[in-house]
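Thanks for coming, everyone. Let me put the model up, and then we'll walk through it.

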Amino acid sequence: MSLQLLPSRASALPATFKPTPCLSSRNLRRRPVHWNARPPHPWRRRRRVAVVSFAGEEVDAFTEYSGYLFEGGASEADLLEKYDLEAIASIYRRKPLVVLRRLVQIGTTFGKWFAVRYLDGLMERSDEMFKIRAAELRMILSKLGPAFIKVAQAVSSRPDIIPPTYLEELSLLQDRIAPFSTEVAFDMIEEELGVPIDMLFSEISPEPVAAASLGQVYQARIIPSGKLVAVKVQRPGVQAAISLDIFILRFLAGLLKKAAKLNTNLQAVVDEWASSLFREMDYREEGRNGLRFRKLYGSLQDVFVPEMYLDRSSRRVLIMEWVEGQKLSEVKDLYLVEVGVYCSLSQLLDYGFYHADPHPGNLLRTTDGKLAYLDFGMMGEFKQELRDGFIQACVHLVNRDFDELAKDFVTLGFLPPTAQKDEVTKALTGVFQNAVNKGVSNISFGDLSGNLGRTMYKFKFQIPSYFSLVIRSLAVLEGIAIGFNPEYKVLGSSYPWIARKILTDSSPNLRSTLQTLLYSNGAFRIDRLESLLTESLRAKTEQTLVRDAVQEPGSRLAAKKIFSFTLSDKGAFVREIILEEMVKGLDALGVATVDSVTTAAASRLPFVAPLSSSLMAEEDVENLRTLRRLLLLLSRLQKNESLSADVKFDNPEEKRKKADPEEPLQILNRLTSIQDFLLVLSIISELPSECQQQLLGVPADLLSKFASRAIARTLRRLFA
């Protein structure tokens, strides 16, 4: 069987798979590959990588810059199956000269750059040299290798914190890393898979179509199906190089923590990052992650996850389905950003298995308009108690329950259990009050981090290692979106989904949180239920994640959604709360009616003095008000006609002080109108059959609850 070379397809390739400029078709034809050549010794191969070039340009600047790392044959660090701090330390303690040389190399490289930046400031030419220095920084990071490139990629998606010129330069590290030798790559494929390359593929591109910090990608047609696949091959010696840099960075992190007296365990942060990076370098793990990610999220609306070919992959070679598309950051598709937010929240809060490295190069808009996820080497696990704590913290933040928020921070691992809660609550109030006052849709990660630093230092906050990955998975999407819509806030898109989650989740923790949220000292907080329901209606679901959807008028659609939700299985807990409050209101309505009839009759009878006191207590008046607001909520959502408006949370105590108490009869007269009932009846007829079936049991349930309450009230009056 003969192996053919795929023709150049640069025009059809996605942004992440564009050939580097030096790989022209003319140069490729001049470099035939000899398939039957005997694979060279690994040491000879690694040394050759440092000097191979295409069209007179250097191919692997890092290997040429730090080629001494590979001297002496295959490094022990290359043989590690997972991140092992003790093993890495043992290896490099025996090589002090290698460590010292690398440390000096890093120090002098960055030292020169900072020195010229300082001179620019002294010579008052910082502005004119800004772009040049940004380009120099990119070249420095590229030369220093994969570990530093990964750090740069972590911040290259945040135009709100990185100057535009630096952002532009650092973004080039996503897909313009110089490739290593194709001959070496093909040798590695054969060695890793144990099969001649012409028995694996009927066609393969003669040069890599993309090169990244850890490896490079070829396009091929797999045998026997002929499907187009991406063949990912790891850079030789990359694990040894990263291991050395981790060893050095961990040492520097320890020095920095002591010198700056930081509360955050920087070495633990480095360890967490290193563990995920080692998992990323094991392509078998990446393949398994891809399969799991595809199973969990591949069927979501407008989400695409490529297929993995694990039976034809190894630790350093991965074969996966080819994806055609463009970078999400280049196409300016806000709808797909919303899809990404929905998918990210599903990852974080539904299943807890999330993509921890969604930089712009890993998010594509496919040719058929879907959001494609690539590169599953860096994934994270979010435990159930942390997922519940995250939701609770978001809800308590928006509702300004800063005392509860302080407790959430303990649950999430930010604060030790011994922290002084009262002082923390006061400090958090000062930090978050201004941000929350702007409204949910205007809160950004920048708002929340503004004054948090000083508070964290004072109360010895610790940033859990998992949290940086969680925040990054959402911050990247916000960074992409604000690149073409500066007003976009990912929390504004996330909170409706979180509101829906807390209303529907069956977790005991979240149900307890909802119960606590809706009741304050035994009093029902109807305003909070209205706010949660209103926000949940804005949540993007698979049914509502559609482009340019034509919808019904706001009030009718809102009422229909509320009925559909409260009559569904997911809305059972909220439905029970609503029925309980309606029964209280109906009971109060009965008392008000008796009170009204008795008062009217007494006024008509001669020689009978008017009743000096009403049968209604203050609780009954509040229950009547709640009943009226519930009926309005279920009929036309009058107070929340605009579903895109910010949620406003009123302080009920202040509200009572400002408003004059309404008389029970006034509340009774304003309960609802015939138009409201007609609207409700028309909506009920359009509900799904299962919702209508559920509705049939509501009157009996209400009657049973009402009878129990009426009997209890009667007994209390008899024996009071």
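**Confidence before architecture**

Ground rules. This is a predicted model, where local features need pLDDT of at least 70 and side-chain atom pairs count only at pLDDT 80 or more, while totals for chains, interfaces and linings use all residues. Residues are numbered from 1 along each chain as its sequence is written, and side-chain values use heavy atoms, with hydrogens and water left out.

The chain's mean pLDDT is 75, and 71% of its residues reach 70 or more. Among the elements, helix 1 (residues 25–29) has the lowest mean, 31. Strand 9 (residues 317–321) has the highest, 96. Helices (H or I, at least four residues) and strands (E, at least two) are DSSP runs, numbered from the N terminus.

Four strands form an open sheet, order 8-13-12-10, with mixed pairing. Two strands pair if DSSP finds at least two bridges between them. Strand 8 (303–304) and strand 10 (325–327) are the edges; each has a single partner strand, so one side of each lacks a neighbour in the sheet. Strand 10 runs antiparallel to strand 12 (residues 363–366), joined by three bridges. Gly 325 sits opposite Thr 366 in strand 12.

What lies across strand 8, strand 12 and strand 13? Helix 14 (residues 334–351), at about 45° to strand 13 (371–373). Axes are lines fitted to C-alpha atoms, for helices over the stretch in contact, and angles run from 0 to 180 degrees between N-to-C directions.

Helix 14 also packs with helix 12 (residues 283–297), at about 100°, axes 11 Å apart. They are therefore roughly perpendicular, the class for 65 to 115 degrees. Phe 293, Leu 296 and Tyr 297 in helix 12 meet Cys 343, Ser 346, Gln 347 and Tyr 351 in helix 14.

Cys 343 is buried, at 0% relative accessible area; buried means under 20% (1.4 Å probe, protein chains only). Cys 691 is buried too, at 4%. The disulfide count is zero, taking a pair of cysteine sulfur atoms within 2.5 Å as a disulfide.

Glu 280 is buried, at 2%. Beyond four places in sequence, Glu 280 touches residues including Lys 150, Glu 286, Asp 357 and Asp 375.

Definitions and conventions
Contact = heavy atoms within 4.5 Å. pLDDT = per-residue confidence, 0-100. Buried < 20%, exposed > 50% of the residue type's maximum accessible area, 1.4 Å probe, protein only. Parallel < 35°, antiparallel > 145°, perpendicular 65-115°, else oblique.
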